[in-house]
Amino acid sequence: MREWVLELPWATPPVKPNGGYGNRYAHATKVADTRKVAGLLAKAAGIPFLGRCEVLLTWHVGDQIKRDVDNLAWTLKPLCDGLAHAPSKRKPFDYQLVPDDTPEHMVKPMPTIVFVKGQRKRMTLTIRELPVSLPSGPVPEQSGATLGK
């Protein structure tokens, strides 16, 4: 399966869970900008439409300061939204990589924090193509076929 690693333009997560923007409009702007970056980077990388994929956010840090990995999920969500929705008049930078960002089409494991001593802080988004899963459920009966005892 194919894999793409997108270098994100931030040293720290742009969308934070605990506010710090002053008001909800500033927060909405950060979310919209993050979503826009995902679409633009995927388009620049030439990633084709995938039926199913895995999206992993990684924060690379060069120190061992304690960080809460849960806070990265606030940045992962708008990144995935920017990859899974068709461009529209209101959101022209979205990039429809998969039909939807539901688990059926997009697997989103918990983000990770990777420590490498002396490394500058940076963020990457890894997109891996996954096989399209077959519908689950009972196998349809075929005419003339019987299950013998």
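Quick housekeeping. This is a predicted model, where local features need pLDDT of at least 70, side-chain atom pairs count only at pLDDT 80 or more, and totals for chains, interfaces and linings use all residues. Residues are numbered from 1 along each chain as its sequence is written, and side-chain values use heavy atoms, with hydrogens and water left out.

Okay, salt bridges. Side chains of opposite charge can pair when their charged atoms come close. We call it a salt bridge when a side-chain nitrogen of Lys or Arg is within 4 Å of a carboxyl oxygen of Asp or Glu. The structure has 7 of them.

Back to Glu-54: its salt-bridge partner is Arg-128, with the closest N and O atoms 2.7 Å apart. That pair ties together distant parts of the chain, from strand 2 (residues 53-61) to strand 5 (residues 122-129), 74 residues apart. Strands are DSSP runs of E, at least two residues, and helices are runs of H or I, at least four, numbered from the N terminus. Arg-128 counts as partly exposed, at 29%.

Now Lys-77 and Asp-81, whose salt bridge is 2.9 Å, N to O. Both sit in helix 2 (residues 73-84), 4 residues apart, about one turn of the helix. Asp-81 is buried, at 11% relative accessibility.

One more: Arg-67 meets Asp-63 at 2.8 Å, N to O, and Asp-63 is partly exposed at 27%.

Conventions:
Buried < 20%, exposed > 50% of the residue type's maximum accessible area, 1.4 Å probe, protein only.
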